[in-house]
Every structure is written in structure tokens, then in C-alpha cells.
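Hi,

Here is the structure I promised to pass on to you. Have a look at it first, and then read on for what I found.

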Amino acid sequence: MSEHSPSSEAGLVEVDLARQQVRRHAQVGDLAMLFTSDYKRYVVRLHKEGVTHTHLGAYWHSALIGRTWGATVQSQIGHQAMLLQPSLTDVMKSLKRGTQIIYPKDAAYIVHRLSLHAGSRVIEAGTGSGGLTTALAWAVMPSGMVFTHEVRPDIHQVARDNLARLGLLPFVKMFLADIKDGFKATDVDAVFLDVREPWRYLPQVRVALRPGGAFASLLPTANQVIELLRGFDEHHFADVSVEELILRRYKATPDRFRPDDNLIGHTGYLIFARCIDPGEDMTRWQRPERQRYEARMQARAEIEAQAQRRTDEMAAGGKKYPKLPLPG
Ligand SMILES: C[S@@+](CC[C@H](N)C(=O)[O-])C[C@H]1O[C@@H](n2cnc3c(N)ncnc32)[C@H](O)[C@@H]1O
């Protein structure tokens, strides 16, 4: 029965209960999180014989399995933790790192802007530690696929271990490959690049993307963004947008509610674009503010050229122009 079938209320409940996200009790194979009172989070997969060692003692999974989500559980030395299902943010923060990972705030927006959903096919490079890969797989499963590329074998292995631990490998095809040689999938809905010089790979992106497909990249510095914008002109990408997300946290203390003292500053510029027909005249599809700027620059160049022509003609003793009236 479909999840939205109106025919039976009992049917809906049955389907909902079958989904891990709405189960009431922790079960073997579930992803779980032990959340300690000093705000440490341990993301684990539950096994009958499993044990999770924390700074507050060991938690036997046999004592967690069957407990209600949200229950308080005890370590072998009597420290309490809350048993929760981890959020995607918890999961991303729990990854073993070999590289910097994309922040959850940026990952969430990337998934949204690339319009990814169950069934989407998306290419990514580099895989890095698998931070964004996790968010992409979370979005496209169970029927979609992430095709991720990484050039460094050690980092590729870090990501593979992370994704295996989370049970996400069925939704990710991992390639140990340099994207300069092209991507390992075609006709995908979207491509995301987190590499130092993404503009170098726009021809490969064009080959891999379906017509009209979405492209995005995250870059830490403005000069990289400028190079990418120039690359878009050359390789026919339009509907270009450069954005940045600033996340501000607050102290959740009712009697002293105010912004946190520390702000996560700049994480990166997010750049989005669409792959368009190579026959299109790119100037027509540039953003209005850019079209206005280009028109102003062209007008200025024409005025300057005209002035130069006059100067040259006068110097050659040719055509005489009437003197301009003096002001006032
Ligand atoms: C900043 S990390 C990516 C982090 C990742 N987005 C995450 O959230 O975990 C950039 C990665 O791109 C890889 N890389 C750089 N150039 C590449 C190329 N030409 N082909 C494949 N991978 C590349 C690097 O080895 C590095 O691991």
C-alpha cells in the first residue's frame, strides 16, 4: 500500500511503523545516538553483541535494544545518557575526518538548491571525508544514486569507512579517480564540485549533466569564485547565483536569551548554475545586473573611442569642431 493511500487508516499506521524514522523502540541494526549530559554525542549502529565505549563508561547495546527512543540509559559505571535517533547533522558531525567537511548548514541548502529527492542521480567530487556524500545519499535514497569521485586513496578509504558505518553504501558509487579524466556517470540531474579549481572541469561537467541539469560548487575565496564565473561564460552555464549562508546560534537560556558569543564566520561561497544549450548567446542569459553593467561599459567604451577619434582628427588638422560653450 502506498504511504499516501487514503483507503485504510490502519494501512497508513502499518506503513509508518515499518519506517525506522517513526519507530518507537531501538532495534538491532538501527542507527542510534548516546547523548550524554555534557553534550557529547556518540553515533553507533546497534548490534546484539555491541558495546560503545565513551568517556563516561561503556554502554552495552543489549541494554539499549528494545528501549524507547528518548529513554535514559546507564553506562557500566552508572553514568546516564539519552538514547536518541541521530539527526543528519549529528551523523555528519560524527564522521571521521581526513579533510574539512562541508558544514551541515551548507549541505542542507545545497540539497535544496539542487532539488535532490528520492530517485535523483547526482555526481560529486571530491568525496573528501564523505560529509556532503552523507547528506546527498540521505536525500536520494532509497531509489537514487550518488556518484562520488576522489583522487586520494587514503581519503577515499576514510569516506568508504564512514559511509559503510552509516549503512549508506547501497546509495553511493565511489570512484577512486581524477575528475580531469571525466566523470563515471552520465545523464545525471546534478553535479556538485568541492575541489580547488572547479572551472577546470566544466567541460567534463557538461558531458555528465543531463540537459538543463543543475551545477553547484562551494569555494572559500572570492578569487576562485571569479574564475568560476568566467568559466561559466566560456562553457555555457546560465542562471548563475553566488550566495553565502551565515548561521547565528543563540543561548537557549530563558532568563538570558541572547546570541552565542561565537559566530561561525565564513565557511564558503555557494555558487549555483544551470547547464544550457551551447548554441545559446550567453550575453542574453546573464543576470540583469550584469547585463546593465556590460551595457554601461560598452557605452563608455564607445564614448571614449569617439573622443579619441576627434582628438586624432584634430591633431591631423582635419575636421574642425565648434568650441564647446563655457559653463556659466
Ligand atoms: C575539501 S575536500 C571535500 C570535502 C567533502 N565535500 C566533504 O564534505 O567531506 C576536497 C577533496 O577533493 C579531492 N580532489 C581534489 N582534486 C580532485 C580531482 N581532480 N579529482 C578527484 N578528487 C579531487 C581532494 O583530494 C579532497 O579530498
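The protein chain in this predicted model has a radius of gyration of 28 Å, whereas a compact globule of 328 residues would have one near 20 Å. Along its principal axes, the C-alpha trace spans about 100 × 50 × 50 Å. Of the 328 residues, 28% are buried. The secondary structure comes to eight helices and 15 strands.

β7 has two partners to look at. One is β8 (residues 145-150), which runs parallel to β7 and is joined to it by five bridges; in this pair Val122 stands opposite Val146. To get from β7 to β8 the chain passes through helix α4 (residues 131-140), and this β-α-β crossover is right-handed. The other partner is β10 (residues 188-193), also parallel to β7, with four bridges between the two.

Now to the ligand, which may be the part you open up in your viewer. There are 21 residues around the ligand, and Gly126, Gly128, Gly131, Val151 and Asp194 come nearest. Both α4 and β8 supply at least two residues each to this shell. By class, the shell holds eight nonpolar, eight polar and five charged residues.

Two other places are also in my notes:

- Helix α7 (residues 222-235) has 14 residues and reaches 20 Å from its first C-alpha to its last, close to the 20 Å expected at 1.5 Å a residue. His236 follows α7 and has a positive phi, near 65°.
- Tyr39 is in the loop between β1 (31-36) and β2 (41-45). Why does Tyr39 count as exposed? Because Tyr39 has 6 C-beta neighbours inside 10 Å, and the cut-off for exposed is 12 or fewer. Its C-alpha atom is separated by 35 Å from that of Gly119, 80 residues apart along the chain.

Best wishes

Notes: Residues numbered from 1 in each chain as written. Predicted model: local features only at pLDDT ≥ 70, side-chain atom pairs only at ≥ 80, totals over all residues. Pairing = 2+ DSSP bridges. Right-handed = clockwise from strand over helix to strand, strands pointing away. Near = placed C-beta within 6 Å. Nonpolar A, V, L, I, M, F, W, Y, C, P; charged D, E, K, R; others polar. Expected span 1.5 Å × (residues − 1). Buried ≥ 20, exposed ≤ 12 C-beta atoms within 10 Å, placed from the backbone. Rg over C-alpha atoms; globule rule 2.2 N^0.38 Å.
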